[in-house]
2 protein chains.
Amino acid sequence: MNRIDSLQNPRIKQWKKLQTKKERDKTGTFIVEGFHLVEEALKANVVQQIILSEQADLPANWSVDNTDVFVVTEAISKAISETETPQGVFAVCEKIESNVQLENGKFLLLDGIQDPGNLGTIIRTADAAGITAVILGEGCVDVYNSKVLRSTQGSVFHLPIIKGSLGEWMDKLQQLSIPIYGTALQHAVPYTEVKAPGRFALIVGNEGSGVRPELLEKCDQNLYIPIYGQAESLNVSVATGVLAYYLQSKVDN
Amino acid sequence: MNRIDSLQNPRIKQWKKLQTKKERDKTGTFIVEGFHLVEEALKANVVQQIILSEQADLPANWSVDNTDVFVVTEAISKAISETETPQGVFAVCEKIESNVQLENGKFLLLDGIQDPGNLGTIIRTADAAGITAVILGEGCVDVYNSKVLRSTQGSVFHLPIIKGSLGEWMDKLQQLSIPIYGTALQHAVPYTEVKAPGRFALIVGNEGSGVRPELLEKCDQNLYIPIYGQAESLNVSVATGVLAYYLQSKVDN
């Protein structure tokens with residue numbers, strides 16, 4: 001264990017810098033906060049350093065023998081934290097690019113999801129619904145943003161999250177004859193008309209403008225969720241849940 | 001139109017007080033903010049006063065002949081606002097208790113939903129999914145909280161939102177032979193086992209602890225959403241969307 005008492009220690013500046021996308025991109029690392037997320041990061045074998053407030057305890061069941069642990073003052077813990085009620089535990093993690101088997105996969109493609117809470121909840125939902133990998137397309141908020149990570153509740157460590165060009169991904173998936181379902185209000189059918197897709201790719205889009213028209217044109221079929229009341233639309237995380245669970249239930253049957 | 005230039009005007013203090021539940025309960029009024037929500041409030045005929053920044057314009061299609069309109073300085077608008085980028089338009093609205101036809105209804109009962117964003121998104125989802133009324137049980141955050149109102153995207157004005165005792169509501173619904181579905185991990189069946197309920201009540205519960213056991217015991221059947229991946233659970237708004245849309249699709253077929 002190492003101990004840091006001074007707020008001027010250069011490591012602290014470095015950790016705080018990881019709150020910016022620029023620094024995360026430069027270093028290939030990111031920081032997670034709170035017992036649950038750090039534990040999930042440890043299970044995923046991506047932790048480089050653990051930072052622990054002197055007022056917090058390392059859970060006995062964590063194996064951190066091969067990890068640098070830094071004990072810091074409560075003031076330092078608060079300085080690093082991006083939450084209102086810090087739990088006093090952080091992990092610096094390595095970004096890992098996963099490989100994905102494309103055959104027989106179930107893919108969720110995200111086009112311009114901008115709200116961090118939505119992106120995190122969508123990743124959590126994709127994990128629950130048995131999605132093979134999430135493809136983060138153009139215009140999505142950075143997945144390593146602290147609010148996104150928190151909203152994933154650890155699911156960010158459970159399935160591959162891959163940045164890429166959605167157009168190129170669609171080409172690859174279509175070469176494998178994986179049906180791609182867009183989400184749209186026009187030129188679309190109710191989602192319940194899809195029968196037993198076996199494997200699939202689903203695209204959901206930006207909170208305001210939806211999936212870009214040029215992507216919708218490339219889809220095998222576009223789906224909509226009927227609105228029975230007076231709401232204009234559904235929240236994109238909720239819509240993703242309804243569609244992903246529906247498609248998954250058809251795969252199973 | 002009336003004009004207010006001074007931040008010391010007592011009306012401003014009164015409007016700001018409506019940010020507290022205590023004042024909303026005392027006066028039976030609440031405040032909404034932004035063009036979309038104010039327009040929905042006007043359509044619902046619940047607006048008592050409109051407050052407009054001198055830098056904003058009333059849309060030409062709003063009929064406000066019978067409504068008090070106060071034009072205020074931009075500084076006052078910012079003082080009243082609870083958002084980071086105020087649109088400069090607000091409405092003081094009257095709370096209305098709606099009557100609901102219980103027969104043939106589809107009800108969503110909420111037990112201890114505490115996150116304002118979740119409650120708002122659930123109300124929006126209930127509206128979209130054709131729910132007849134939402135029953136706000138014990139321990140839910142105040143529906144007239146500004147963050148809840150914002151997250152409803154106007155759906156708060158589209159269907160009855162009724163505060164009540166969930167135990168008493170369950171008794172009433174069961175007297176009418178409306179099946180009540182709880183959500184639970186134990187003593188529960190996959191939600192896809194429900195066939196054609198016709199009408200129904202669905203209970204979802206607190207973000208951490210779920211639906212209270214004493215309520216689950218009273219349910220006709222408890223449902224769970226299968227987790228195909230490694231997530232521990234779904235966000236409660238997403239779960240509500242999956243279940244409400246599933247039940248609604250069975251009613252339709």
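In chain B of this predicted model, strand β9 (residues 180-183) is joined by two bridges to strand β11 (residues 200-205), and the two strands run parallel; strands here are DSSP runs of E with at least two residues, helices are runs of H or I with at least four, and both are numbered from the N terminus. Two strands count as paired if DSSP finds at least two bridges between them. Tyr181(B) stands opposite Leu202(B) of β11(B). Strand β12 (residues 221-224) of chain B also pairs with β9(B) in the parallel sense, over three bridges, and Leu223(B) in β12(B) is the bridge partner of Thr183(B). From β9(B), Ile180(B) and Gly182(B) point one way and Tyr181(B) and Thr183(B) the other, yet all are buried (under 20% relative accessible area, 1.4 Å probe, protein chains only).

Between the two chains, 30 residues of chain B are in contact with 30 residues of chain A (heavy atoms within 4.5 Å). Helices α3 (35-43), α5 (116-128) and α9 (236-252) of chain B each supply at least two residues of the side that touches chain A, and α9(B) gives the most, with seven residues.

Residues are numbered from 1 along each chain as its sequence is written, and chains are lettered from A in the order in which they are written. Local features need pLDDT of at least 70, whereas totals for chains, interfaces and linings use all residues, and side-chain values use heavy atoms, with hydrogens and water left out.

Technical notes: Predicted model: local features only at pLDDT ≥ 70, side-chain atom pairs only at ≥ 80, totals over all residues. Buried < 20%, exposed > 50% of the residue type's maximum accessible area, 1.4 Å probe, protein only.
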